[in-house]
Amino acid sequence: MNSVKKPSGQKTYFIQTFGCQMNEHDSEKMAGMLEEKGYLPSEERETADVIVVNTCSVRENADNRFFGQLGVIKKIKERHPENVIAVCGCMMQQEHITQRIRQKYSWVDIMFGTMSIQEFPRLLEECLATRKKLMSVYQSQEKVIEGLPVHRKYSYKSYVDIMNGCNNFCTYCIVPYTRGRERSRMPESIVEEIRGLAADGVKEITLLGQNVNSYGNESDFDCDFAGLIYRINEIEGIERIRFMTSHPKDLSDRLIQAFVDCEKLCRHIHLPVQSGSTEILRRMNRRYTKEDYLQLVEKIRASVPDIAITTDIIVGFPGETEEDFEETMDLVRRVRYDSAFTFLYSVRTGTPAAEYGDQVPEDIKHVRFERLVDALNEITAQKNALYQDRVEKVLVEGVSKSDGSTCSGRTDTFKLVNFSCGEEKIGQIVDVRITEAKTFSLFGELV
Ligand code: 5AD
Ligand code: SF4
């Protein structure tokens, strides 16, 4: 057993991550903690001493994929009973899930939630010493835990979490229940972390939070999200600042001004609208109307004309009528998004909308979804066509063919560009002339 690694005695781990950037970043922290304990990443799950699955519960298909994976991992555990299986993340914050795992997947060794990842090394040690099944799920957390080691996936770009949790309680969304209340990190601590990243050669940072626009709202320090951007903009070595995600109701004029003043702040904003119908927005508890949103977009574009705007849209929220859906179609044609993520509404146990009686039939949801995606794709293609022949600054992120014929990277407006260049350019910002624009990416050549 474990013949691949045992000769050297090297312990290894394998982490599988579902869901959003926040989860990806949490996984980088778990990797950091494991490496501090002497573990190394394993290429293969089968031979890893510790297998971690970091779960997402935002939509039902993520739940299903997780349980599907557990079925596969069960076979691995049968072949390697000494290996430790840990499951964590948003799904573990829900009691009906942890109960189901205890009953039906009792071979899982460790369960821990989003608010107890710092406990992972201790749980692992205890599990190895006692071989007991362990669980640690906190229902609240006062502060974001600082200073956990991070194993970064990339050398030239990095996530930085600035806040955690959400106070918005959109009626479809499970996040306020799985990530708890909003907690913001101290600006000094964020700035210091980014200085360290810059010293390490990181050029692009993405600030993460469920709603970055309310950064600092619940805190006793005097720094809002725009203030934080101004401070980060001063950090030498950092060339690009991005952030995710913005709630339209909290987007301040100061943030719009930061786009004008801060040359490092990338001209892209992800601004989830969710629906174009004011009535559906009310039932979603989004706290803005269709008109508010359109005015906000106009205001942003008046100050930052070439900004790329992307969004999230849910199709088939309970009670969505044909007229409501037409409002969404109208909104997307008026905003003309650079791109959008579209989701079929998914019932989440424990959220208010799960209790709404007027669920939209699946076949209607699908028809609307197809229509919306077609309209969005057409607009995306038209938007991308405007890039034809332009010279864009691109951060080279990867080489997918060893001869360097296919590299990819992003413009500051977050457009994916494919072009030829050598591996040595990875992590550099280069000039690329766009030679062809397609719906999902641009093609170009180095200049
Ligand atoms: N059903 C469908 N989509 C959802 N999202 C969040 N909750 C649900 C749900 N219950 C979408 C929203 C959010 C994105 C991250 O996921 O559009 O912005
Ligand atoms: Fe969920 Fe709404 Fe919070 Fe976003 S703002 S995480 S959609 S509750």
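Which residues are around ligand 1? Let us look at this predicted model one view at a time.

**View 1. The residues around ligand 1.** The answer to our opening question is V58, R59, Y172, Q274, D312, I314, F343, L344, Y345, S346 and R348.

**View 2. Polar atoms facing ligand 1.** Start with D312, where a polar side-chain atom lies 2.6 Å from an oxygen atom of the ligand. Y172 and S346 use their backbones instead: a backbone N or O atom of Y172 is 3.0 Å from a nitrogen atom of ligand 1, and for S346 the distance from such a backbone atom to a nitrogen atom of the ligand is 2.8 Å. On its own, ligand 1 would expose 400 Å², and the protein buries 86% of that. Two elements each give two or more residues to the shell, namely β13 (308–315) and β14 (339–344).

**View 3. The sheet that holds β13 and β14.** Here three strands form an open sheet in the order β12-β13-β14, with parallel pairing. At the edges you will find β12 (268–270) and β14, each pairing on one side only. Neighbouring strands are turned by 15° against each other on average, ignoring direction. Now focus on β12 and β13, which pair in the parallel sense over three bridges. I269 stands opposite I309 in β13.

**View 4. The residues around ligand 2.**

Conventions
Residues numbered from 1 in each chain as written. Chains lettered and ligands numbered in written order. Predicted model: local features only at pLDDT ≥ 70, side-chain atom pairs only at ≥ 80, totals over all residues. Heavy atoms only, no water. Near = heavy atom within 4 Å. Polar contact = N/O pair within 3.5 Å; in protein donor to acceptor, adjacent residues only side chain to side chain. Areas by Shrake-Rupley, 256 points an atom, 1.4 Å probe, with all protein chains shown as cover. Helix = DSSP H or I, 4+ residues; strand = E, 2+ residues; numbered from the N terminus. Pairing = 2+ DSSP bridges. Axes fitted to C-alpha atoms, helices over the stretch in contact; angles between N-to-C directions.
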